[in-house]
Amino acid sequence: MKMLNISEQPLELLASRSSDRLLQQLWDYLLLHHLSLISSPFFPVLVAFCSYFVFSVPFAALDLLGEKVPFFHQYKIQPDRRPSVGMMAKSLMTALYNHIVFVLPSVLITMFILPTPTLPQDAPTLYKMFIDGLAVLLLFDTQYFIWHYVHHKNTQLYHWIHAIHHEYMAPFSWSTEQLSIPELMTVGFWSNQDPILLKVHPLTIWCVTVFSIWMSVEDHIGYDLPWTLNHLVPFGLLGGAPAHDMHHQKPSSNYAPFFSHWDRIFGTAVPLRKKMLKNK
């Protein structure tokens, strides 16, 4: 955040100024009424974890209800595998443990090392938010594809770092953040440094954080729902739950977290077997 272009306009003047940017009123409101919250180094962590929790709950309910909700269960990718309450609790507790024991102390240490960031006074334009957000997602997608590929090809790296995420052949929403500390460190580093590298507005960063976590949870839900992003975005640009579910079944495939172009280029894209979609 320290690389952002910061203006020094006093906050008192925000209420009386006008702007043609659609997001300016929202940004001014946040600066005027919630400055202490959004300027806290803990705010991005809160946004990320709350997003993971809120997005996971509905799909956890679907998994627990199972065949009692046939309208949704018909889209279950692996209908013969359903997560238990114990499996869900283990994944959630892993995520909580990682955040309490590692993420929060890391933020505290960072507070003493880096200067307190100053938030910009101007909101981003919608166009700028879209372009910057897409750039962050594409950069992260590339980084994780390489990391993911290497960790699957190296036995030791896989065993010590990435194997915990592959404990279950059929992923479910809570398993999205069932990660080892080294993997969480890597993902967290990119998530924090990529926006700085690309000089992205804080509001864009928070929106991208929420959106990327939604995409991550959606990858792990275990349902090929017709209204998920991989069906709404044309040309198969997103892998979604079918691609990532296939990755858990066949770990040498579908390494990219969001998009599909790297797997297509390197020949690691494997489509979901249609027979998996049949409700038995």
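# A walk through the loops and helices

In this predicted model, Asn 254 is found in the loop between helix H11 and helix H12, the latter covering residues 261-265. The backbone of Asn 254 has a phi angle near 50°, which is a positive value in a residue other than glycine. With a relative accessible area of 6%, Asn 254 is buried, because the word applies to residues under 20%.

Arg 82 counts as partly exposed at 42% relative accessibility, whereas Glu 67, with a relative accessible area of 51%, is exposed.

Another salt bridge is formed where the side chains of Glu 167 and Lys 90 meet, with a distance of 2.6 Å from N to O. Here too the pair links distant parts of the chain, for Glu 167 lies in the loop between helix H7 (155-162) and helix H8 (181-197), Lys 90 lies in helix H5, and 77 residues separate them. Glu 167 is partly exposed, with a relative accessible area of 38%, and Lys 90 also counts as partly exposed, at 41% relative accessibility.

What separates Asp 132 and Lys 128 in helix H6? These two residues, whose side chains meet in a salt bridge of 3.5 Å from N to O, are separated by about one helical turn, because they stand four residues apart in helix H6, which spans residues 126-153. Asp 132 counts as buried at 9% relative accessibility, while Lys 128 is partly exposed, with a relative accessible area of 40%.

Asp 132 also takes part in a contact between helices. On the H6 side of this contact are Met 129, Asp 132, Gly 133, Val 136 and Leu 137, and they meet Leu 203, Thr 204, Cys 207, Val 208, Phe 211, Ser 212 and Met 215 in H9. Sorted by class, the contact of H6 with H9 has eight nonpolar, three polar and one charged residues. The axes of H6 and helix H9 (residues 202-220) come within 10 Å and cross at roughly 50°, and the two helices are therefore oblique to each other. The crossing of H6 and H9 is right-handed.

A further crossing involves helix H5, the helix that carries Lys 90. The axes of H5 and H8 come within 11 Å and cross at roughly 60°, which makes H5 oblique to H8. H5 passes H8 in a right-handed crossing, and the contact is made by Asn 98, Phe 102 and Val 103 of H5 together with Ile 181, Leu 184 and Met 185 of H8. By class, this contact of H5 with H8 has five nonpolar residues, one polar residue and no charged residues.

Helix H5 is also the place of Ser 91. Is Ser 91 buried or exposed? Its relative accessible area is 0%, and Ser 91 is therefore buried. Leaving aside its neighbours within four places in sequence, Ser 91 is in contact with Tyr 52, Tyr 168, Phe 172, Trp 174, Ser 175 and Gln 178. The C-alpha atoms of Ser 91 and Ser 173 are separated by 9.2 Å, although these two residues are 82 residues apart along the chain.

Key: Residues numbered from 1 in each chain as written. Predicted model: local features only at pLDDT ≥ 70, side-chain atom pairs only at ≥ 80, totals over all residues. Heavy atoms only, no water. Buried < 20%, exposed > 50% of the residue type's maximum accessible area, 1.4 Å probe, protein only. Salt bridge = Lys/Arg side-chain N within 4 Å of Asp/Glu carboxyl O. Axes fitted to C-alpha atoms, helices over the stretch in contact; angles between N-to-C directions. Parallel < 35°, antiparallel > 145°, perpendicular 65-115°, else oblique. Left-handed = near helix turned anticlockwise from the far one by under 90°. Contact = heavy atoms within 4.5 Å. Nonpolar A, V, L, I, M, F, W, Y, C, P; charged D, E, K, R; others polar.
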